[in-house]
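Here is a short report on selected local features of one protein model.

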Amino acid sequence: MRRAALPVAVVVGAAVLAPGVAAAQGEVSCTPKDPGLAELSGLTVIGDTAYAVGDSGADDRVAQLDSSCAVTRWIPNPVDPYDVEDLASVDGRLVLADIGDNDRRRDTVGLVRLDPASGAGDLARLTYPDGAHDAEALLIGGDGRPVIVTKDSTGSGVYTTDVPVADLPSPGPTALRRVAGFVPDDTGTPGGPPLLAGSTLVTGGAVTADGTLAAVRTYTDVYLWSVPDGDVAGALSRPADHVVAAPARPQGEAAAFKADGDLLLASEQGIDPAAPLPPIDVLRAADVAPAQTPDSTPVVDTEEDPAEPTSWIVVP
(Lines give C-alpha, C1' and ligand atoms only; values in the text may rest on other atoms or scores of the structure.)
Protein backbone atom coordinates (compact mmCIF):
# COMPACT_ATOMS: atom_id res chain seq x y z
CA MET A 1 0.00 0.00 0.00
CA ARG A 2 1.16 3.54 -0.53
CA ARG A 3 -0.01 7.09 0.00
CA ALA A 4 0.30 9.84 -2.57
CA ALA A 5 2.55 12.75 -1.66
CA LEU A 6 2.40 16.39 -2.56
CA PRO A 7 4.18 16.88 -5.91
CA VAL A 8 6.57 19.61 -4.77
CA ALA A 9 8.53 20.51 -1.67
CA VAL A 10 7.17 23.13 0.71
CA VAL A 11 9.44 25.97 1.85
CA VAL A 12 8.97 27.46 5.33
CA GLY A 13 11.45 30.23 6.03
CA ALA A 14 14.84 28.70 5.31
CA ALA A 15 13.58 25.14 5.81
CA VAL A 16 12.48 22.97 2.91
CA LEU A 17 9.83 20.43 3.88
CA ALA A 18 9.71 17.05 2.17
CA PRO A 19 6.90 16.35 -0.31
CA GLY A 20 3.80 15.26 1.61
CA VAL A 21 4.72 17.19 4.77
CA ALA A 22 2.45 20.18 5.39
CA ALA A 23 3.54 23.40 7.05
CA ALA A 24 1.56 24.31 10.16
CA GLN A 25 1.49 27.70 11.82
CA GLY A 26 2.50 26.62 15.29
CA GLU A 27 1.99 29.11 18.12
CA VAL A 28 3.45 29.21 21.60
CA SER A 29 0.80 28.16 24.10
CA CYS A 30 2.92 28.82 27.20
CA THR A 31 6.43 28.22 28.52
CA PRO A 32 7.21 26.03 31.55
CA LYS A 33 9.45 27.54 34.21
CA ASP A 34 9.61 24.76 36.78
CA PRO A 35 12.95 22.89 36.50
CA GLY A 36 11.06 19.69 37.25
CA LEU A 37 9.79 19.85 33.67
CA ALA A 38 13.22 19.89 32.02
CA GLU A 39 12.71 16.25 30.96
CA LEU A 40 9.10 16.72 29.82
CA SER A 41 8.31 13.58 27.87
CA GLY A 42 4.56 13.00 28.21
CA LEU A 43 1.52 15.26 28.11
CA THR A 44 -2.23 14.74 28.34
CA VAL A 45 -5.36 16.83 28.89
CA ILE A 46 -8.40 15.94 31.00
CA GLY A 47 -11.17 18.47 30.52
CA ASP A 48 -9.42 21.84 30.68
CA THR A 49 -6.46 20.63 32.75
CA ALA A 50 -3.10 19.59 31.34
CA TYR A 51 -0.79 17.08 33.00
CA ALA A 52 2.88 16.45 32.23
CA VAL A 53 5.49 13.88 33.18
CA GLY A 54 9.25 13.61 32.73
CA ASP A 55 11.11 10.51 31.66
CA SER A 56 13.63 8.35 33.52
CA GLY A 57 14.89 10.17 36.60
CA ALA A 58 12.00 12.65 36.60
CA ASP A 59 9.11 10.20 36.33
CA ASP A 60 8.31 9.74 40.02
CA ARG A 61 5.61 12.42 39.86
CA VAL A 62 3.14 14.04 37.48
CA ALA A 63 2.71 17.81 37.16
CA GLN A 64 -0.70 19.42 36.99
CA LEU A 65 -0.42 22.61 34.92
CA ASP A 66 -2.44 25.77 34.65
CA SER A 67 -2.96 27.76 31.46
CA SER A 68 0.39 29.53 31.89
CA CYS A 69 2.29 26.21 32.23
CA ALA A 70 2.86 26.82 35.95
CA VAL A 71 2.83 23.70 38.11
CA THR A 72 -0.16 23.88 40.46
CA ARG A 73 0.35 20.44 41.98
CA TRP A 74 2.72 17.50 41.88
CA ILE A 75 1.02 14.09 42.00
CA PRO A 76 3.30 11.26 43.17
CA ASN A 77 3.67 8.24 40.92
CA PRO A 78 2.28 5.39 43.10
CA VAL A 79 4.62 2.89 41.41
CA ASP A 80 8.42 2.87 41.49
CA PRO A 81 9.07 3.59 37.78
CA TYR A 82 11.66 2.19 35.40
CA ASP A 83 11.35 4.70 32.55
CA VAL A 84 8.07 6.54 31.95
CA GLU A 85 8.08 7.96 28.42
CA ASP A 86 4.52 9.07 27.67
CA LEU A 87 1.29 10.06 29.35
CA ALA A 88 -2.31 9.43 28.29
CA SER A 89 -5.72 9.50 29.95
CA VAL A 90 -8.96 7.56 29.81
CA ASP A 91 -12.20 7.96 31.77
CA GLY A 92 -10.69 10.69 33.94
CA ARG A 93 -7.65 8.64 34.95
CA LEU A 94 -4.04 9.24 33.99
CA VAL A 95 -2.10 6.45 32.32
CA LEU A 96 1.68 6.64 32.68
CA ALA A 97 3.49 4.69 29.97
CA ASP A 98 6.46 3.02 31.65
CA ILE A 99 7.69 1.67 28.31
CA GLY A 100 11.19 3.08 27.89
CA ASP A 101 13.96 0.53 27.40
CA ASN A 102 17.05 2.06 25.82
CA ASP A 103 19.08 -1.12 26.34
CA ARG A 104 16.22 -3.39 25.23
CA ARG A 105 16.54 -5.74 28.18
CA ARG A 106 13.17 -5.52 30.00
CA ASP A 107 11.05 -8.66 30.32
CA THR A 108 7.92 -6.53 30.77
CA VAL A 109 6.81 -2.93 30.36
CA GLY A 110 3.96 -1.33 32.25
CA LEU A 111 1.06 1.09 32.36
CA VAL A 112 0.41 2.93 35.62
CA ARG A 113 -3.25 3.85 36.08
CA LEU A 114 -3.48 6.89 38.34
CA ASP A 115 -6.49 8.76 39.74
CA PRO A 116 -5.37 12.42 39.73
CA ALA A 117 -7.86 13.34 42.44
CA SER A 118 -6.99 10.72 45.06
CA GLY A 119 -3.48 9.79 43.95
CA ALA A 120 -4.39 6.09 44.05
CA GLY A 121 -3.09 3.89 41.29
CA ASP A 122 -1.86 0.49 40.18
CA LEU A 123 0.42 -1.15 37.62
CA ALA A 124 -0.53 -3.33 34.65
CA ARG A 125 2.43 -5.14 33.14
CA LEU A 126 2.64 -5.96 29.43
CA THR A 127 4.83 -8.31 27.39
CA TYR A 128 5.86 -8.05 23.75
CA PRO A 129 5.48 -11.14 21.55
CA ASP A 130 8.87 -10.66 19.87
CA GLY A 131 11.36 -9.55 22.51
CA ALA A 132 12.25 -6.27 24.18
CA HIS A 133 11.64 -2.88 22.52
CA ASP A 134 12.27 0.74 23.41
CA ALA A 135 9.11 2.85 23.09
CA GLU A 136 7.96 6.39 23.82
CA ALA A 137 4.43 6.55 22.38
CA LEU A 138 1.17 5.47 23.98
CA LEU A 139 -2.25 6.09 22.44
CA ILE A 140 -5.64 5.11 23.88
CA GLY A 141 -8.52 5.11 21.43
CA GLY A 142 -12.26 5.23 21.75
CA ASP A 143 -12.33 1.45 22.28
CA GLY A 144 -10.15 1.94 25.39
CA ARG A 145 -7.33 -0.30 24.21
CA PRO A 146 -3.73 0.81 24.65
CA VAL A 147 -1.60 1.17 21.53
CA ILE A 148 2.19 1.33 21.87
CA VAL A 149 4.38 2.48 18.98
CA THR A 150 8.01 1.52 19.46
CA LYS A 151 11.06 3.71 18.84
CA ASP A 152 13.32 1.96 16.35
CA SER A 153 15.60 3.55 13.79
CA THR A 154 14.91 0.73 11.34
CA GLY A 155 11.14 1.01 11.68
CA SER A 156 8.64 1.08 14.53
CA GLY A 157 6.16 -1.58 15.58
CA VAL A 158 2.52 -0.99 16.50
CA TYR A 159 1.30 -3.16 19.40
CA THR A 160 -1.98 -3.44 21.29
CA THR A 161 -3.93 -5.66 23.67
CA ASP A 162 -7.27 -7.36 23.22
CA VAL A 163 -8.82 -5.62 26.26
CA PRO A 164 -9.20 -1.97 27.30
CA VAL A 165 -6.77 -0.31 29.69
CA ALA A 166 -9.39 -0.37 32.45
CA ASP A 167 -9.67 -4.17 32.21
CA LEU A 168 -5.96 -5.00 32.24
CA PRO A 169 -5.19 -7.19 35.26
CA SER A 170 -2.81 -5.85 37.90
CA PRO A 171 0.00 -6.69 38.01
CA GLY A 172 -0.42 -8.98 34.97
CA PRO A 173 1.35 -9.42 32.66
CA THR A 174 -0.94 -9.16 29.64
CA ALA A 175 0.33 -10.14 26.22
CA LEU A 176 0.65 -7.48 23.54
CA ARG A 177 0.20 -8.39 19.90
CA ARG A 178 1.88 -6.77 16.94
CA VAL A 179 -0.56 -5.12 14.55
CA ALA A 180 1.68 -3.44 12.00
CA GLY A 181 5.00 -1.80 11.31
CA PHE A 182 5.33 1.96 10.87
CA VAL A 183 8.32 3.57 9.16
CA PRO A 184 8.37 7.38 9.31
CA ASP A 185 10.13 9.11 6.45
CA ASP A 186 13.44 10.89 6.78
CA THR A 187 11.77 14.22 6.01
CA GLY A 188 14.64 16.54 6.84
CA THR A 189 12.31 18.75 8.88
CA PRO A 190 14.50 20.79 11.27
CA GLY A 191 14.56 20.11 14.98
CA GLY A 192 15.47 17.36 17.40
CA PRO A 193 18.75 16.31 19.00
CA PRO A 194 21.94 16.79 16.99
CA LEU A 195 23.46 13.85 15.12
CA LEU A 196 20.15 11.98 15.03
CA ALA A 197 17.75 11.39 12.14
CA GLY A 198 15.02 12.81 14.34
CA SER A 199 12.29 12.57 11.73
CA THR A 200 12.53 8.76 11.74
CA LEU A 201 12.18 8.18 15.50
CA VAL A 202 8.74 7.97 17.15
CA THR A 203 8.63 9.94 20.41
CA GLY A 204 4.98 10.38 21.39
CA GLY A 205 1.32 9.91 20.57
CA ALA A 206 -2.14 11.28 21.32
CA VAL A 207 -5.83 10.79 20.51
CA THR A 208 -8.59 13.40 20.53
CA ALA A 209 -11.14 13.32 23.34
CA ASP A 210 -13.81 12.01 20.97
CA GLY A 211 -11.44 9.33 19.67
CA THR A 212 -11.74 10.32 16.01
CA LEU A 213 -8.20 11.54 15.33
CA ALA A 214 -4.88 9.96 16.30
CA ALA A 215 -1.42 11.52 16.21
CA VAL A 216 2.01 9.92 16.30
CA ARG A 217 4.93 12.32 16.50
CA THR A 218 8.63 12.10 15.81
CA TYR A 219 11.16 14.67 17.00
CA THR A 220 10.20 16.79 13.98
CA ASP A 221 6.87 15.80 12.43
CA VAL A 222 3.34 14.74 13.34
CA TYR A 223 1.51 11.92 11.51
CA LEU A 224 -2.30 11.99 11.73
CA TRP A 225 -4.97 9.38 11.12
CA SER A 226 -8.76 9.61 11.09
CA VAL A 227 -10.24 6.99 13.43
CA PRO A 228 -13.93 6.64 12.57
CA ASP A 229 -14.54 3.51 14.67
CA GLY A 230 -12.39 4.07 17.77
CA ASP A 231 -9.85 1.46 16.65
CA VAL A 232 -6.53 3.31 16.78
CA ALA A 233 -4.50 0.15 16.17
CA GLY A 234 -6.48 -0.49 13.02
CA ALA A 235 -6.05 3.09 11.83
CA LEU A 236 -2.27 2.92 12.31
CA SER A 237 -2.24 -0.16 10.09
CA ARG A 238 -2.71 2.07 7.05
CA PRO A 239 -0.73 5.08 5.78
CA ALA A 240 -1.27 8.37 7.58
CA ASP A 241 -3.90 10.73 6.21
CA HIS A 242 -1.88 13.86 6.94
CA VAL A 243 1.68 14.78 7.97
CA VAL A 244 2.50 18.13 9.55
CA ALA A 245 5.89 19.63 10.41
CA ALA A 246 6.27 20.38 14.11
CA PRO A 247 7.96 23.57 15.36
CA ALA A 248 11.71 23.05 15.66
CA ARG A 249 12.53 22.22 19.29
CA PRO A 250 15.58 20.60 20.91
CA GLN A 251 13.93 17.27 21.80
CA GLY A 252 10.22 17.18 20.98
CA GLU A 253 8.64 14.16 22.64
CA ALA A 254 5.15 14.93 23.94
CA ALA A 255 1.78 15.45 22.26
CA ALA A 256 -1.75 15.94 23.60
CA PHE A 257 -5.04 17.08 22.12
CA LYS A 258 -7.11 19.72 23.86
CA ALA A 259 -10.88 19.41 24.07
CA ASP A 260 -11.29 21.75 21.07
CA GLY A 261 -9.04 19.61 18.84
CA ASP A 262 -5.96 21.82 19.05
CA LEU A 263 -2.75 19.80 19.39
CA LEU A 264 -0.18 20.61 22.09
CA LEU A 265 3.45 19.67 21.44
CA ALA A 266 6.14 19.73 24.13
CA SER A 267 9.89 19.20 24.25
CA GLU A 268 12.58 18.23 26.69
CA GLN A 269 15.24 20.83 27.44
CA GLY A 270 17.80 18.97 25.34
CA ILE A 271 21.54 18.60 25.81
CA ASP A 272 22.22 22.10 27.16
CA PRO A 273 21.30 22.21 30.87
CA ALA A 274 21.75 25.98 30.90
CA ALA A 275 19.21 26.55 28.13
CA PRO A 276 15.75 27.87 29.01
CA LEU A 277 12.94 25.33 28.97
CA PRO A 278 11.28 25.07 25.55
CA PRO A 279 7.74 26.37 25.16
CA ILE A 280 4.70 24.17 24.74
CA ASP A 281 3.48 24.80 21.21
CA VAL A 282 -0.03 24.50 19.86
CA LEU A 283 -1.12 23.50 16.36
CA ARG A 284 -4.65 24.60 15.62
CA ALA A 285 -7.29 21.98 14.87
CA ALA A 286 -7.71 23.27 11.33
CA ASP A 287 -4.01 22.59 10.63
CA VAL A 288 -3.94 19.03 11.95
CA ALA A 289 -7.31 17.69 10.85
CA PRO A 290 -7.00 15.59 7.66
CA ALA A 291 -8.66 17.23 4.70
CA GLN A 292 -10.14 13.92 3.60
CA THR A 293 -11.26 10.78 5.36
CA PRO A 294 -9.93 7.30 4.54
CA ASP A 295 -13.27 6.40 2.94
CA SER A 296 -12.89 9.24 0.43
CA THR A 297 -9.24 8.50 -0.35
CA PRO A 298 -8.87 4.73 -0.61
CA VAL A 299 -5.38 3.31 -0.98
CA VAL A 300 -5.16 1.30 -4.18
CA ASP A 301 -2.43 -0.25 -6.24
CA THR A 302 -2.15 0.91 -9.85
CA GLU A 303 0.18 0.27 -12.73
CA GLU A 304 1.31 3.89 -12.68
CA ASP A 305 4.64 4.90 -11.20
CA PRO A 306 4.29 5.26 -7.42
CA ALA A 307 4.36 8.68 -5.82
CA GLU A 308 6.90 9.59 -3.17
CA PRO A 309 5.65 8.03 0.11
CA THR A 310 5.44 9.92 3.38
CA SER A 311 5.59 6.77 5.49
CA TRP A 312 5.51 3.02 5.08
CA ILE A 313 3.14 0.64 6.83
CA VAL A 314 4.02 -3.05 7.00
CA VAL A 315 1.22 -5.34 8.09
CA PRO A 316 2.32 -8.76 9.36
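The structure holds three aromatic pairs. Rings of Phe, Tyr and Trp (its six-membered ring) pair if their centres lie within 6.5 Å; planes under 30 degrees apart count as stacked, over 60 as edge-to-face and the rest as tilted. This is a predicted model: local features need pLDDT of at least 70, side-chain atom pairs count only at pLDDT 80 or more, and totals for chains, interfaces and linings use all residues. Residues are numbered from 1 along each chain as its sequence is written, and side-chain values use heavy atoms, with hydrogens and water left out.

**Aromatic pairs**

Two of the pairs are set out here.

| Pair | Centre to centre | Angle between planes | Type |
|---|---|---|---|
| Tyr128 and Tyr159 | 4.9 Å | 80 degrees | edge-to-face |
| Phe182 and Tyr223 | 5.2 Å | 85 degrees | edge-to-face |

Tyr128 lies in the loop between strand E11 (121-127) and strand E12 (135-140), and Tyr159 in strand E14 (residues 156-160), so their pair ties together parts 31 residues apart in sequence. Strands (E, at least two residues) and helices (H or I, at least four) are DSSP runs, numbered from the N terminus. Both Tyr128 and Tyr159 are buried. Buried means under 20% relative accessible area, exposed over 50%, partly exposed in between (1.4 Å probe, protein chains only).

Phe182 sits in strand E16 (residues 177-184) and Tyr223 in strand E19 (residues 221-226), 41 residues apart. Phe182 and Tyr223 are buried. Together with Trp225, they form one aromatic cluster.

**Arg106**

Where is Arg106 found? Its place is the loop between strand E9 (93-98) and strand E10 (109-114). Arg106 counts as buried because its relative accessibility is 14%. Its side chain makes a polar contact of 3.1 Å with the side chain of Asp98. Such a contact is a pair of N or O atoms within 3.5 Å; within protein, one must be able to donate a hydrogen and the other to accept it, and residues adjacent in sequence count only if both atoms are side-chain atoms. The Arg106 side chain also reaches the backbone oxygen of Gly100 at 2.9 Å.

**Backbone details**

A cis peptide bond joins Ser170 and Pro171, with omega about 5 degrees. Another joins Gly172 and Pro173, with omega about 15 degrees. Pro171 lies in the loop between E14 and strand E15 (174-175), and Pro173 lies in the loop between E14 and E15.

Cys69 is not a glycine, yet its phi is positive, near 75 degrees. Cys69 is in the loop between strand E6 (61-65) and strand E7 (71-76). At 2% relative accessibility, Cys69 counts as buried.
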